[in-house]
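These are my notebook entries on one protein structure. I set down what I looked up and what I found.

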Amino acid sequence: MTDTMECPFCGWKTREGEYQMLLHMETLHAEGEPPFLAAADQDRTSPSPNSNGTANTGNDDDPGYVECPVEGCGEFLLLSQVEYHLELHTTEETDVHDHHPPPPDPITAVSEPTTSSSPLSNAPESVSKSSHKASEPSTRHSKAISAWKRLLKMPSSSSYSHRILWRRHDSKTSGDSESKTRGARLGRKHLGRYAHEDRMPDWLADLLRKKGQVQTAGVVPVLAQLLESSPSTHRAYLCHPCVHHISKLKREGGFCGYRNIQMLCSYLTQPPQSTTIPNAHKLASQIPTIFQIQDYIEAAWDNNISATGRAETGGIRNTRKYIGTPEAVAMFRYLGVPFAAQSIKDKSPAKAVEMLLRTVEEYFRSDDKAIVRGEGGKVRLTGLPPLYFQHLGHSMTIVGFERGAGTGEGRLLVFDPHFKDCYQVLGMVGMNNKSNNGGDGKRGAGVVPARYPYPDGALKGYRRGGGYLGDFKEFELLKWVGLNC
């Protein structure tokens, strides 16, 4: 007999199996809608629940987005990404100081960041006060996460479906059902849950205007310290330390593409880059807001730069539609900032990952002026900008590359806009700032020579190895060119 399953949102129960439950949640729990009530919109006909709690969406374009059940997150995720995302939420409420250090992670292990919502300015004071609280996940979050794990029968390691990533590239494969004519209107599969939204809610617009973003400077020098102390690191390269980690606000939803553009701009808007990189001065030494980024992209389309983007999205100004590499390209081409976009894909995920890691490693090794730190030159601080990194359903900012001790396998070092920095990293940032390290954009400026006791625990949120990357077979990078580092 099939076990009873309980919806983690409304408590509705069924014994009809996983499919019925997943369909129930997908169709009846969109953001802002009460349980068992689905609003009609252009993207979805108005479904009404039957005795099984299900409904017919009538929309073949919907890939199965569901809202993260953790309060305040607001992310809509592909079903294939739910497990990893919830693992990150589980770990973000854990203080690495409260546990003995685990065995060194295999290079291919799934990364599980420990994060915190504390602002940088409060980091030194909040670390000691919050350590006990952070070590015990809230009952509400744990219950929601447990419901999801029971529902999806999650194994110990991730197992994602391989899907087509690129939404706007000409396909050279005949008969590819995923290929679309350039300029054709896209739907939720590519633009997210709000693909046909004319305007985001007023409460969200007010939140974004008032709060802006969660922004932390000085994290890259801390990563250098942690990597120096890590027994699982053989060699690591990092981008310029002036780059800020920018992450989402509570309840903002899916603006990861914008947050990554902001992280790239954190490099461009600081001296000397703001005066030496062609046209970087157009940003007026300020990281643009989400609304300003939308204006730049719309202006690019007005000037016939990647103009098919407007036809494909229906316009993005004041909406929550997802953006990706094509929009980032349009914005920086409009500004006149030098860039290069690169697509990496292969039918074999293992080969695609190998190509990706090789490309990123070569990029960071290209700076012959890198500052060498640590025993045997273990960590190298470059003057290079970070990389915009896209895979199916999510984008991040690559801030470095790492080769593991022993196996020599590679990992990306990333700033993920979904998650904030943990208390331990913020505390180290605070110590470095007191010594004027990293905050002025200077490479290797007198970083506090401290050895962190549990470096691998603090680094988990920044590492993306084969266990994560191997679930995808297509990637895209956006990198700056013509720089004099």
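**Entry 1: the chain as a whole**

I note at the outset that the model is predicted. I looked up the secondary structure and found 16 helices and 15 strands in the protein chain. I then looked up burial: of the 485 residues in the chain, 57% are buried. For the contacts, I took those between residues at least 6 apart in sequence, and 72% of these join residues at least 24 apart.

**Entry 2: helix H6**

I asked which residues of helix H6 are buried. In this helix, which spans residues 202–211, they are Leu-204, Ala-205 and Leu-208. Viewed down the axis of H6, the buried residues fall within an arc of 100°, so they line one face of the helix. I recalled the general rule that an α-helix has 3.6 residues a turn, so residues three or four places apart point the same way.

I then turned to the face of H6 that points away from its buried side, and there I found the exposed residues Asp-202, Lys-210 and Lys-211. The cover over the buried residues of H6 includes helix H8 (256–268) and H10. Just after H6 comes Gly-212, which takes a positive phi of about 75°.

**Entry 3: helices H8 and H10**

The axes of H8 and H10 come within 10 Å and cross at roughly 90°. This makes H8 roughly perpendicular to H10. On the H8 side, the residues that meet H10 are Tyr-258, Arg-259, Ile-261 and Gln-262; on the H10 side, they meet Ile-290, Ile-293 and Gln-294.

**Entry 4: helix H12**

I asked how many residues of H12 are buried. The count is 8 of its 11 residues, and the helix is mostly covered. Among the buried residues are Glu-327, Val-329, Met-331 and Phe-332. Just after H12, Gly-336 takes a positive phi of about 85°.

**Entry 5: rings**

A search of the whole structure for aromatic pairs gave 7. One of them joins Tyr-296 and Tyr-334; this pair is tilted, with 6.4 Å from centre to centre and 50° between the planes. Tyr-296 lies in H10 (residues 290–302) and Tyr-334 in H12 (residues 325–335), so the pair ties together parts that are 38 residues apart in sequence. Tyr-334 has a relative accessible area of 32%, and I therefore record it as partly exposed.

I also looked up Tyr-363 and Phe-364. Their ring centres are 5.0 Å apart and their planes stand at 80°, so this pair is edge-to-face. Both residues are buried.

Next I looked for charges over rings. The charged end of Arg-209 sits over the ring of Phe-291, at 4.2 Å from its centre. Arg-464 lies over the face of Tyr-468, and here the distance to the ring centre is 5.6 Å.

**Entry 6: Lys-347**

Is Lys-347 buried or exposed? Its relative accessibility is 81%, so Lys-347 counts as exposed. I found it in the loop between E8 and helix H13 (349–365). Lys-347 and Glu-474 are 127 residues apart in sequence, while their C-alpha atoms are 8.6 Å apart in space.

Key:
Residues numbered from 1 in each chain as written. Predicted model: local features only at pLDDT ≥ 70, side-chain atom pairs only at ≥ 80, totals over all residues. Heavy atoms only, no water. Phe/Tyr/Trp six-rings, centres within 6.5 Å; stacked < 30°, edge-to-face > 60°. Helix = DSSP H or I, 4+ residues; strand = E, 2+ residues; numbered from the N terminus. Buried < 20%, exposed > 50% of the residue type's maximum accessible area, 1.4 Å probe, protein only. Lys NZ or Arg CZ within 6 Å of the ring centre and 35° of its normal. Arc of directions from axis to C-beta. Contact = heavy atoms within 4.5 Å. Axes fitted to C-alpha atoms, helices over the stretch in contact; angles between N-to-C directions. Parallel < 35°, antiparallel > 145°, perpendicular 65-115°, else oblique.
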